[in-house]
Amino acid sequence: MKKAIIATITLALALGASAADNVKATVHADQPGAKINREIYGQFSEHLGSCIYGGLWVGEDSEIPNINGYRKDVFEALKALKIPVMRWPGGCFADDYHWMDGIGPKDQRPSLRNNNWGGTIEDNSFGTHEFLNLCEMLGCEPYISGNVGSGTVKEMAQWVEYMTSNGDTPMARLRRQNGRDKAWHVKYFGIGNEAWGCGGNMTPEYYSDEFRKFNTYLRDQSGNRLFRIASGASDYDYNWTRVLMDRIGHRMQGISLHYYTCSGWGGSKGSATKFNDDQYYWALGKCLEIEEVIKKHKAIMDEKDPYNRIGLMVDEWGTWWDEEPGTIPGHLYQQNALRDAFVAALSLNIFHKYTARVKMANIAQVVNVLQSMILTDQKGTGHMVLTPTYHVFEMYTPFQEATFLPIDLESEIMQVSKAYFKEKEGARDAGYRPCPLLSASAAKTTDGSLVLAVTNVSLDKDQTIDFSIEGYQPKTVSGRILTSKRVDDFNDFSHPDVVAPKDYSDAKLKNGVVSVKVPAKSIVVLSIK
Ligand code: AHR
């Protein structure tokens with residue numbers, strides 16, 4: 001990583017903190033907030049590149065060890081994440097997908113051209129049964145994205161019947177013929193994806209009518225109740241949310257939001273592993289801006305739905321860099337550095353804070369695509385590696401279903417230039433974003449202990465934070481740390497453990513205060529009992 005061109009960054013000094021002093025913080029265990037929806041730890045699996053084929057699925061006849069076709073090493077690693085929900089089959093792919101092509105004997109399934117992602121030919125060997133069975137094996141809720149863009153109402157209604165009816169209905173009979181007697185439990189159902197773009201290029205008004213029409217025919221079957229999710233806004237498109245809230249209202253239980261840490265949609269997005277200090281801080285500033293974006297969508301939703309009955313489902317988020325050199329164009333295969341781990345931790349901290357409205361989030365994507373948990377070797381060697389982002393998700397598992405606790409923490413705040421590349425500077429990229437160097441999130445877990453995650457994104461400054469805890473008597477503290485020498489360090493097939501969690505013993509308990517030394521470039525997750 002190159003040294004920073006500091007001119008693009010100005011440092012605004014702390015509200016009270018100085019380099020020499022310990023930073024003081026308070027965890028308010030006496031002011032518990034909402035339960036952190038475990039669905040915030042959701043995943044996204046699209047037919048894109050090698051997410052499904054070669055990632056989750058290799059087929060029963062593969063030489064790569066598998067469980068009924070599911071890649072064994074990937075499955076076991078995912079199981080450890082306690083995944084609450086998995087979205088499938090897209091993404092943009094969803095509005096090109098015709099589910100009936102993916103059922104029945106595998107050798108009779110027609111192949112398809114993946115029009116959105118590189119024109120790759122797929123054999124449809126991974127379809128409805130393969131996805132829903134995987135969810136059962138992982139113990140997670142399936143989240144199906146239905147095809148509004150190029151599908152019909154009948155096709156979508158029949159899909160719901162196929163998956164969820166236990167009656168003597170045509171689609172349930174077809175499912176039984178295909179080897180599955182009992183209906184699956186399917187809770188989350190998305191009615192379209194990115195309807196403003198790859199999902200049909202619709203206006204919000206037109207899409208709202210489409211939603212209402214499709215939704216009418218998605219009948220709850222055999223006691224299964226669908227949680228209906230509308231295709232929501234991208235980033236800063238507040239008008240989309242407003243129109244859907246007005247026109248769809250409580251016919252939907254959720255509205256999605258897509259927000260990527262990405263430098264823009266044209267041209268290079270920058271390398272996942274080769275970046276300078278400015279670009280490092282830029283990514284964190286852009287990632288943190290999701291808080292403002294959530295607040296603004298939430299404010300619109302609050303007007304129409306003050307009791308949070310409709311969830312804001314951040315069903316696509318994460319970093320989006322250039323594809324790795326030498327990989328197939330359109331497959332979005334990117335590496336994942338310690339920088340990505342910070343994006344994960346900071347984003348999760350924000351989702352915790354807004355959990356009363358943010359009822360789900362699905363990082364894009366689970367294997368081999370964008371900010372993935374896992375990378376498998378594209379050369380077919382059978383190797384797999386866990387990314388720094390995986391480790392954050394694993395370290396953060398105690399937050400699932402825990403009760404959010406507010407924290408007062410004063411941190412130095414960097415003002416980070418919005419410009420990623422000089423040539424991209426323009427109206428949209430003008431100005432600065434704030435990037436606090438320290439962030440933290442705390443919660444009371446389901447076993448009654450506290451979990452405290454602390455992130456120090458500074459490239460060079462260690463910090464010690466003294467956490468007073470109101471309303472809780474700490475007796476022991478233990479934890480793990482995720483860090484590395486450089487923020488562009490990553491794991492690959494020859495060096496799988498460059499960025500991996502280690503035991504951490506630099507948190508001390510004194511007079512009820514938990515004093516935590518957080519080295520530069522690190523994430524510390526503590527269990528306080
Ligand atoms: O996650 C990759 C793509 O990003 C999805 O298919 C689409 O919904 C979004 O634009």
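This is a predicted model: local features need pLDDT of at least 70, side-chain atom pairs count only at pLDDT 80 or more; totals for chains, interfaces and linings use all residues.
**Helices α6 and α8**

- Two packed helices are described by the angle between their axes and the distance between the axes.
- For helix α6, which covers residues 238–247, and helix α8, the axes come within 10 Å and cross at roughly 20°.
- Angles under 35 degrees count as roughly parallel, and therefore α6 is described as roughly parallel to α8.
- The crossing in which α6 passes α8 is right-handed.

**Helices α8 and α9**

- Helix α8 spans residues 290–304 and helix α9 spans residues 338–353, and their axes come within 10 Å while crossing at roughly 25°.
- This angle makes α8 roughly parallel to α9, and the crossing in which α8 passes α9 is right-handed.
- On the α8 side the contact is made by I290, E291 and I294, and on the α9 side by I350, F351 and K353.
- By class, the contact of α8 with α9 has four nonpolar residues and two charged residues, with no polar residues.

**Helices α9 and α10**

- The axes of α9 and helix α10, the latter formed by residues 388–395, come within 7 Å and cross at roughly 30°.
- Here, too, the handedness can be stated, and the crossing of α9 and α10 is right-handed.
- Helix α9 contributes L338, D340, A341, A344, A345 and L348 to the contact, while α10 contributes P388, T389, V392 and F393.
- When the residues of the contact of α9 with α10 are divided by class, eight are nonpolar, one is polar and one is charged.

**Surroundings of the ligand**

- There are 14 residues around the ligand, and of these E46, C92, E194, Y260 and E316 come nearest.
- In the side chain of E46, an N or O atom is 2.7 Å from an oxygen atom of the ligand.
- The side chain of E194 likewise has an N or O atom that is 2.8 Å from an oxygen atom of the ligand.
- For N193, a polar side-chain atom lies 3.1 Å from an oxygen atom of the ligand.

**Backbone geometry in the loops**

- Most residues other than glycine have a negative phi, and most peptide bonds are trans.
- Against that background, the peptide bond that joins W88 and P89 is cis, with omega at about 5°, and P89 is found in the loop between strand β6 (85–88) and strand β7 (112–114).
- The peptide bond from G90 to G91 is also cis, with omega near 10°, and G91 lies in the loop between β6 and β7.
- Residue N368, which is not a glycine, has a positive phi near 65°, and N368 is found in the loop between β14 (358–364) and β15 (374–376).

Terms used
Residues are numbered from 1 along each chain as its sequence is written. Side-chain values use heavy atoms; hydrogens and water are left out. Axes are lines fitted to C-alpha atoms, for helices over the stretch in contact, and angles run from 0 to 180 degrees between N-to-C directions. Helices (H or I, at least four residues) and strands (E, at least two) are DSSP runs, numbered from the N terminus. Angles under 35 degrees count as roughly parallel, over 145 as roughly antiparallel, 65 to 115 as roughly perpendicular and the rest as oblique. A crossing is left-handed if the near helix is turned anticlockwise from the far one by less than a right angle, and right-handed if clockwise. Contact means heavy atoms within 4.5 Å. Ala, Val, Leu, Ile, Met, Phe, Trp, Tyr, Cys and Pro count as nonpolar, Asp, Glu, Lys and Arg as charged, and the others, Gly among them, as polar. A residue is near a molecule or strand if one of its heavy atoms lies within 4 Å of it. A polar contact is a pair of N or O atoms within 3.5 Å; within protein, one must be able to donate a hydrogen and the other to accept it, and residues adjacent in sequence count only if both atoms are side-chain atoms.
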